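Please walk through the model below, one region at a time.

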Amino acid sequence: MAIEYREWREGDDLALLEIWGGPETHQAGQFRGALAISSDGSGMPWRRCIVAEDVIDGVGIPVAAGVVYEAALHPERLWTYIEVARDHRRSGIGATLLTMLRRESEQSPSGVSKLRAKVEPGTPGAAFAEHFGLTPIQRSRLVVVEPGALRLPVFPAKDDGGPANDENAGSDVVMDLATGSVELTDVVGRYYTAIHDWDSPGVLSVGQVQKLFLDDLTGAHGAIVLRAQPESAFGAGVAPSKKGRIRAFAVSYAAPSDPDAAPGAESAGQGAPTDVFVGHEPALAREDAAEAVRDMLSLIAYQHPVMLELDDSMTALRAAVEPLLESGKARHAGPETWVVSD
(Lines give C-alpha, C1' and ligand atoms only; values in the text may rest on other atoms or scores of the structure.)
Protein backbone atom coordinates (compact mmCIF):
# COMPACT_ATOMS: atom_id res chain seq x y z
CA MET A 1 0.00 0.00 0.00
CA ALA A 2 1.45 3.34 -1.12
CA ILE A 3 -0.28 6.37 0.39
CA GLU A 4 0.14 9.86 -1.03
CA TYR A 5 -1.31 13.12 0.28
CA ARG A 6 -2.59 16.12 -1.65
CA GLU A 7 -5.04 19.00 -1.38
CA TRP A 8 -8.75 18.43 -1.91
CA ARG A 9 -10.00 18.65 -5.50
CA GLU A 10 -13.41 18.90 -7.10
CA GLY A 11 -15.03 15.46 -7.34
CA ASP A 12 -13.28 14.04 -4.27
CA ASP A 13 -16.55 14.04 -2.36
CA LEU A 14 -18.16 11.62 -4.81
CA ALA A 15 -15.08 9.40 -4.98
CA LEU A 16 -14.84 9.19 -1.19
CA LEU A 17 -18.56 8.58 -0.80
CA GLU A 18 -18.21 5.46 -2.91
CA ILE A 19 -15.43 4.20 -0.65
CA TRP A 20 -16.86 5.30 2.69
CA GLY A 21 -20.52 4.49 2.24
CA GLY A 22 -23.02 5.98 4.68
CA PRO A 23 -21.83 7.98 7.71
CA GLU A 24 -21.16 5.91 10.83
CA THR A 25 -22.34 8.63 13.21
CA HIS A 26 -24.50 11.74 13.16
CA GLN A 27 -21.35 13.85 13.52
CA ALA A 28 -19.81 12.20 10.45
CA GLY A 29 -22.89 13.09 8.44
CA GLN A 30 -22.60 16.72 9.54
CA PHE A 31 -18.86 17.19 9.11
CA ARG A 32 -18.53 15.52 5.73
CA GLY A 33 -20.03 18.73 4.40
CA ALA A 34 -16.99 20.63 5.69
CA LEU A 35 -14.68 18.72 3.34
CA ALA A 36 -14.10 21.18 0.53
CA ILE A 37 -11.44 23.04 -1.43
CA SER A 38 -8.94 24.89 0.76
CA SER A 39 -9.36 28.63 1.24
CA ASP A 40 -6.87 31.29 2.31
CA GLY A 41 -9.59 33.20 4.14
CA SER A 42 -10.19 35.88 1.52
CA GLY A 43 -13.95 36.28 1.24
CA MET A 44 -14.67 32.99 2.98
CA PRO A 45 -13.55 31.21 6.17
CA TRP A 46 -9.98 29.90 6.19
CA ARG A 47 -9.83 26.15 5.51
CA ARG A 48 -7.28 23.47 4.77
CA CYS A 49 -8.44 20.14 3.40
CA ILE A 50 -6.14 17.19 2.64
CA VAL A 51 -6.90 13.92 0.86
CA ALA A 52 -5.04 10.62 1.26
CA GLU A 53 -4.83 8.45 -1.84
CA ASP A 54 -3.97 4.78 -2.09
CA VAL A 55 -1.84 4.57 -5.23
CA ILE A 56 -2.32 1.31 -7.15
CA ASP A 57 -0.56 0.79 -10.49
CA GLY A 58 0.06 4.51 -10.70
CA VAL A 59 -3.58 5.43 -10.07
CA GLY A 60 -4.49 7.26 -6.86
CA ILE A 61 -7.77 6.26 -5.19
CA PRO A 62 -8.98 8.62 -2.43
CA VAL A 63 -9.45 6.67 0.82
CA ALA A 64 -9.31 9.33 3.54
CA ALA A 65 -9.60 13.06 4.09
CA GLY A 66 -9.13 15.60 6.82
CA VAL A 67 -10.08 19.24 7.25
CA VAL A 68 -9.33 22.08 9.64
CA TYR A 69 -11.14 25.41 9.43
CA GLU A 70 -12.00 28.62 11.20
CA ALA A 71 -15.51 29.38 12.39
CA ALA A 72 -17.07 32.79 12.88
CA LEU A 73 -18.98 31.37 15.86
CA HIS A 74 -16.74 30.08 18.68
CA PRO A 75 -13.56 31.53 17.14
CA GLU A 76 -11.19 30.46 19.93
CA ARG A 77 -10.69 27.00 18.39
CA LEU A 78 -10.54 25.50 14.91
CA TRP A 79 -12.91 22.73 13.89
CA THR A 80 -11.28 19.58 12.58
CA TYR A 81 -12.61 16.37 11.08
CA ILE A 82 -10.86 13.24 9.76
CA GLU A 83 -12.38 10.16 8.16
CA VAL A 84 -10.56 7.07 6.91
CA ALA A 85 -12.07 4.18 4.92
CA ARG A 86 -12.75 1.20 7.18
CA ASP A 87 -10.30 -1.09 5.37
CA HIS A 88 -7.48 1.48 5.63
CA ARG A 89 -7.72 2.20 9.37
CA ARG A 90 -4.96 1.42 11.85
CA SER A 91 -2.34 2.00 9.18
CA GLY A 92 -1.23 5.48 10.26
CA ILE A 93 -3.26 7.45 7.72
CA GLY A 94 -5.40 9.21 10.32
CA ALA A 95 -2.35 10.04 12.43
CA THR A 96 -0.55 11.49 9.43
CA LEU A 97 -3.56 13.59 8.46
CA LEU A 98 -3.87 14.94 12.00
CA THR A 99 -0.17 15.84 12.08
CA MET A 100 -0.51 17.64 8.75
CA LEU A 101 -3.65 19.49 9.87
CA ARG A 102 -1.98 20.58 13.09
CA ARG A 103 0.89 21.96 11.04
CA GLU A 104 -1.58 23.80 8.79
CA SER A 105 -3.43 25.21 11.82
CA GLU A 106 -0.27 27.06 12.83
CA GLN A 107 -0.75 29.15 9.68
CA SER A 108 -4.35 30.22 10.33
CA PRO A 109 -4.89 33.97 9.73
CA SER A 110 -6.42 34.41 13.19
CA GLY A 111 -3.43 32.89 14.93
CA VAL A 112 -5.71 30.30 16.53
CA SER A 113 -4.27 26.80 16.44
CA LYS A 114 -6.15 24.90 19.16
CA LEU A 115 -8.37 22.18 17.68
CA ARG A 116 -11.82 20.91 18.54
CA ALA A 117 -13.96 18.08 17.17
CA LYS A 118 -17.20 16.25 17.91
CA VAL A 119 -17.32 12.52 18.64
CA GLU A 120 -19.66 9.91 20.05
CA PRO A 121 -18.28 7.96 23.02
CA GLY A 122 -17.44 4.34 22.30
CA THR A 123 -16.80 4.93 18.60
CA PRO A 124 -13.52 4.65 16.64
CA GLY A 125 -13.53 8.45 16.35
CA ALA A 126 -13.65 8.86 20.13
CA ALA A 127 -10.83 6.36 20.59
CA PHE A 128 -8.74 8.15 17.94
CA ALA A 129 -9.31 11.54 19.61
CA GLU A 130 -8.36 10.19 23.03
CA HIS A 131 -5.21 8.53 21.68
CA PHE A 132 -3.99 11.82 20.22
CA GLY A 133 -4.70 13.95 23.26
CA LEU A 134 -8.10 15.45 22.47
CA THR A 135 -10.12 15.33 25.70
CA PRO A 136 -13.81 16.12 26.36
CA ILE A 137 -14.64 19.72 27.21
CA GLN A 138 -18.43 19.39 26.93
CA ARG A 139 -21.13 16.73 26.76
CA SER A 140 -24.37 17.18 24.85
CA ARG A 141 -27.49 15.00 24.83
CA LEU A 142 -30.79 15.04 22.97
CA VAL A 143 -33.59 14.43 25.42
CA VAL A 144 -37.32 13.91 24.91
CA VAL A 145 -39.53 15.01 27.78
CA GLU A 146 -42.77 13.05 27.88
CA PRO A 147 -46.18 14.78 28.21
CA GLY A 148 -47.16 15.64 31.75
CA ALA A 149 -43.71 14.84 33.12
CA LEU A 150 -43.81 17.90 35.34
CA ARG A 151 -46.67 19.29 37.37
CA LEU A 152 -48.19 22.34 35.69
CA PRO A 153 -47.74 25.45 37.85
CA VAL A 154 -50.54 27.96 38.39
CA PHE A 155 -50.11 31.07 36.29
CA PRO A 156 -52.13 34.32 36.47
CA ALA A 157 -55.15 34.37 34.20
CA LYS A 158 -54.12 37.71 32.72
CA ASP A 159 -51.10 38.31 30.56
CA ASP A 160 -51.85 41.94 29.72
CA GLY A 161 -50.16 43.51 32.70
CA GLY A 162 -53.25 43.43 34.91
CA PRO A 163 -52.92 42.54 38.59
CA ALA A 164 -52.90 38.86 39.49
CA ASN A 165 -55.36 37.32 41.92
CA ASP A 166 -54.14 36.92 45.48
CA GLU A 167 -53.78 33.17 45.06
CA ASN A 168 -51.40 33.79 42.15
CA ALA A 169 -49.42 36.59 43.73
CA GLY A 170 -45.79 36.33 42.80
CA SER A 171 -46.47 33.97 39.91
CA ASP A 172 -44.93 34.50 36.49
CA VAL A 173 -46.93 35.77 33.56
CA VAL A 174 -47.06 33.62 30.40
CA MET A 175 -46.93 35.48 27.09
CA ASP A 176 -46.49 34.76 23.41
CA LEU A 177 -43.67 36.72 21.82
CA ALA A 178 -42.72 37.21 18.16
CA THR A 179 -39.48 35.52 17.21
CA GLY A 180 -38.37 38.83 15.71
CA SER A 181 -38.69 40.57 19.07
CA VAL A 182 -35.60 42.56 20.05
CA GLU A 183 -36.26 41.70 23.68
CA LEU A 184 -36.30 37.98 22.93
CA THR A 185 -33.24 38.25 20.71
CA ASP A 186 -31.36 39.98 23.52
CA VAL A 187 -32.06 37.34 26.18
CA VAL A 188 -31.45 34.43 23.78
CA GLY A 189 -28.07 35.86 22.77
CA ARG A 190 -26.96 36.51 26.34
CA TYR A 191 -28.11 33.06 27.46
CA TYR A 192 -26.23 31.33 24.63
CA THR A 193 -23.08 33.25 25.53
CA ALA A 194 -23.47 32.43 29.23
CA ILE A 195 -23.80 28.67 28.69
CA HIS A 196 -20.79 28.63 26.35
CA ASP A 197 -18.19 30.14 28.65
CA TRP A 198 -16.22 26.91 28.06
CA ASP A 199 -15.90 27.80 24.36
CA SER A 200 -16.74 31.46 23.89
CA PRO A 201 -18.89 32.38 20.89
CA GLY A 202 -17.40 35.86 20.89
CA VAL A 203 -19.54 38.98 20.74
CA LEU A 204 -22.88 38.16 19.12
CA SER A 205 -24.75 40.87 17.27
CA VAL A 206 -28.53 41.05 17.11
CA GLY A 207 -28.36 39.90 13.50
CA GLN A 208 -26.22 36.88 14.36
CA VAL A 209 -28.59 35.76 17.11
CA GLN A 210 -31.54 36.11 14.77
CA LYS A 211 -29.78 34.14 12.05
CA LEU A 212 -28.70 31.36 14.42
CA PHE A 213 -31.87 30.85 16.44
CA LEU A 214 -34.84 32.96 15.41
CA ASP A 215 -34.82 33.47 11.64
CA ASP A 216 -37.45 31.73 9.51
CA LEU A 217 -34.66 29.71 7.86
CA THR A 218 -33.86 28.07 11.22
CA GLY A 219 -37.41 26.75 11.39
CA ALA A 220 -38.18 28.96 14.38
CA HIS A 221 -41.93 29.30 14.42
CA GLY A 222 -43.14 30.50 17.78
CA ALA A 223 -41.94 31.60 21.19
CA ILE A 224 -43.41 31.96 24.64
CA VAL A 225 -41.85 33.60 27.66
CA LEU A 226 -42.37 33.65 31.39
CA ARG A 227 -42.27 37.18 32.73
CA ALA A 228 -41.95 38.32 36.29
CA GLN A 229 -45.00 40.19 37.53
CA PRO A 230 -45.29 43.62 35.87
CA GLU A 231 -43.89 46.55 37.81
CA SER A 232 -45.10 50.09 38.24
CA ALA A 233 -42.80 52.99 37.52
CA PHE A 234 -44.71 55.01 40.11
CA GLY A 235 -44.45 52.78 43.16
CA ALA A 236 -46.53 50.17 44.93
CA GLY A 237 -50.31 50.37 44.71
CA VAL A 238 -50.25 51.96 41.27
CA ALA A 239 -51.31 50.04 38.13
CA PRO A 240 -48.30 48.44 36.43
CA SER A 241 -46.79 50.49 33.65
CA LYS A 242 -43.80 48.27 32.87
CA LYS A 243 -43.64 44.75 31.54
CA GLY A 244 -42.03 42.28 33.87
CA ARG A 245 -38.63 41.11 32.74
CA ILE A 246 -38.30 37.80 30.91
CA ARG A 247 -37.34 34.98 33.29
CA ALA A 248 -37.44 32.04 30.84
CA PHE A 249 -38.16 31.47 27.16
CA ALA A 250 -38.99 28.61 24.80
CA VAL A 251 -38.58 28.80 21.02
CA SER A 252 -40.22 26.06 18.96
CA TYR A 253 -38.96 24.81 15.62
CA ALA A 254 -41.98 23.62 13.71
CA ALA A 255 -41.88 20.99 10.98
CA PRO A 256 -42.55 22.36 7.48
CA SER A 257 -45.72 20.29 7.27
CA ASP A 258 -47.01 21.79 10.50
CA PRO A 259 -46.85 25.56 10.07
CA ASP A 260 -49.35 26.26 12.86
CA ALA A 261 -47.52 24.36 15.59
CA ALA A 262 -46.99 26.22 18.86
CA PRO A 263 -44.23 25.64 21.42
CA GLY A 264 -44.71 22.14 22.81
CA ALA A 265 -47.13 21.04 20.13
CA GLU A 266 -46.74 17.64 18.48
CA SER A 267 -45.16 17.57 15.06
CA ALA A 268 -47.09 16.73 11.93
CA GLY A 269 -49.90 15.22 13.99
CA GLN A 270 -47.94 12.01 14.55
CA GLY A 271 -47.05 12.55 18.21
CA ALA A 272 -43.41 13.19 17.33
CA PRO A 273 -41.66 15.54 19.74
CA THR A 274 -41.23 19.18 18.79
CA ASP A 275 -37.71 20.59 18.86
CA VAL A 276 -37.62 23.37 21.46
CA PHE A 277 -34.86 25.67 22.69
CA VAL A 278 -35.42 26.50 26.36
CA GLY A 279 -33.39 29.03 28.32
CA HIS A 280 -33.53 31.73 30.96
CA GLU A 281 -32.37 35.21 31.85
CA PRO A 282 -28.69 34.56 32.66
CA ALA A 283 -28.68 37.18 35.46
CA LEU A 284 -31.09 35.06 37.54
CA ALA A 285 -29.74 33.41 40.64
CA ARG A 286 -29.15 29.66 40.32
CA GLU A 287 -32.31 28.61 42.17
CA ASP A 288 -34.48 31.20 40.43
CA ALA A 289 -33.18 30.10 37.04
CA ALA A 290 -33.88 26.44 37.83
CA GLU A 291 -37.42 27.29 38.96
CA ALA A 292 -38.14 29.41 35.87
CA VAL A 293 -36.88 26.74 33.48
CA ARG A 294 -38.80 24.00 35.31
CA ASP A 295 -42.01 26.03 35.07
CA MET A 296 -41.44 26.69 31.37
CA LEU A 297 -40.73 23.03 30.68
CA SER A 298 -43.83 21.91 32.56
CA LEU A 299 -45.90 24.27 30.41
CA ILE A 300 -44.58 23.32 26.97
CA ALA A 301 -44.53 19.58 27.74
CA TYR A 302 -47.91 19.52 29.44
CA GLN A 303 -49.78 17.72 26.64
CA HIS A 304 -47.17 16.86 23.99
CA PRO A 305 -43.56 15.63 23.99
CA VAL A 306 -40.72 18.05 23.39
CA MET A 307 -37.10 17.43 22.42
CA LEU A 308 -34.28 19.47 23.93
CA GLU A 309 -30.55 19.69 23.46
CA LEU A 310 -29.08 19.33 26.94
CA ASP A 311 -25.47 20.43 27.42
CA ASP A 312 -23.73 19.87 30.72
CA SER A 313 -23.21 23.64 30.91
CA MET A 314 -27.00 24.18 31.01
CA THR A 315 -27.22 23.85 34.78
CA ALA A 316 -30.79 25.13 35.18
CA LEU A 317 -32.14 22.86 32.46
CA ARG A 318 -30.20 19.89 33.83
CA ALA A 319 -31.77 20.47 37.24
CA ALA A 320 -35.20 20.06 35.65
CA VAL A 321 -34.46 17.27 33.15
CA GLU A 322 -32.06 14.89 34.88
CA PRO A 323 -34.56 13.83 37.59
CA LEU A 324 -37.02 13.11 34.77
CA LEU A 325 -34.44 10.88 33.06
CA GLU A 326 -33.93 8.99 36.31
CA SER A 327 -37.67 8.49 36.83
CA GLY A 328 -38.37 7.47 33.20
CA LYS A 329 -40.44 10.57 32.44
CA ALA A 330 -37.82 11.66 29.90
CA ARG A 331 -35.58 9.65 27.60
CA HIS A 332 -32.47 10.06 25.51
CA ALA A 333 -33.21 10.50 21.80
CA GLY A 334 -29.84 9.24 20.61
CA PRO A 335 -26.20 8.83 21.58
CA GLU A 336 -24.55 11.60 23.53
CA THR A 337 -21.97 13.81 21.86
CA TRP A 338 -18.66 15.02 23.20
CA VAL A 339 -16.85 18.13 22.09
CA VAL A 340 -13.16 17.29 22.44
CA SER A 341 -10.17 19.60 22.28
CA ASP A 342 -6.40 19.60 22.69
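Predicted model: local features only at pLDDT ≥ 70, side-chain atom pairs only at ≥ 80, totals over all residues.

The buried residues of α5 are covered by elements that include β7 (173–177), α6 (206–214), β8 (220–227), β9 (246–253) and β10 (274–280). The residues of α5 that are buried under this cover are L184, T185, V187, V188, G189, Y191 and Y192. In general, an α-helix has 3.6 residues a turn, so residues three or four places apart point the same way. The length of α5 can be checked too: helix α5 covers residues 182–194, and its 13 residues, at 1.5 Å a residue, should span 18 Å.

The secondary structure of the chain amounts to 8 helices and 13 strands. The chain has 342 residues, of which 45% count as buried. Taking contacts between residues at least 6 apart in sequence, 70% join residues at least 24 apart.

The next topic is a helix pair. Two packed helices are described by the angle between their axes and the distance between the axes. For α7 (residues 286–300) and α8 (residues 315–327), the axes come within 7 Å and cross at roughly 55°. The crossing in which α7 passes α8 is right-handed. On the α7 side, the contact is made by R286, A289, A290, V293, R294 and L297. On the α8 side, T315, A316, L317, A319, A320, V321 and L324 take part. Sorted by class, the contact of α7 with α8 has 10 nonpolar residues, 1 polar residue and 2 charged residues.

Most residues other than glycine have a negative phi. Phi of D57 is positive, near 50°, and D57 is a residue other than glycine. D57 is found in the loop between β2 (47–56) and β3 (59–69). H74 is not a glycine either, and has a positive phi of about 60°. The loop that holds H74 runs between β3 and β4 (78–84).

Is each of these two residues buried or exposed? The relative accessibility of D57 is 79%, so D57 counts as exposed, the cut-off for exposed being over 50%. H74 has a relative accessible area of 8% and is therefore buried, since buried means under 20%.

Notes. Residues numbered from 1 in each chain as written. Heavy atoms only, no water. Axes fitted to C-alpha atoms, helices over the stretch in contact; angles between N-to-C directions. Helix = DSSP H or I, 4+ residues; strand = E, 2+ residues; numbered from the N terminus. Left-handed = near helix turned anticlockwise from the far one by under 90°. Contact = heavy atoms within 4.5 Å. Nonpolar A, V, L, I, M, F, W, Y, C, P; charged D, E, K, R; others polar. Buried < 20%, exposed > 50% of the residue type's maximum accessible area, 1.4 Å probe, protein only. Expected span 1.5 Å × (residues − 1).
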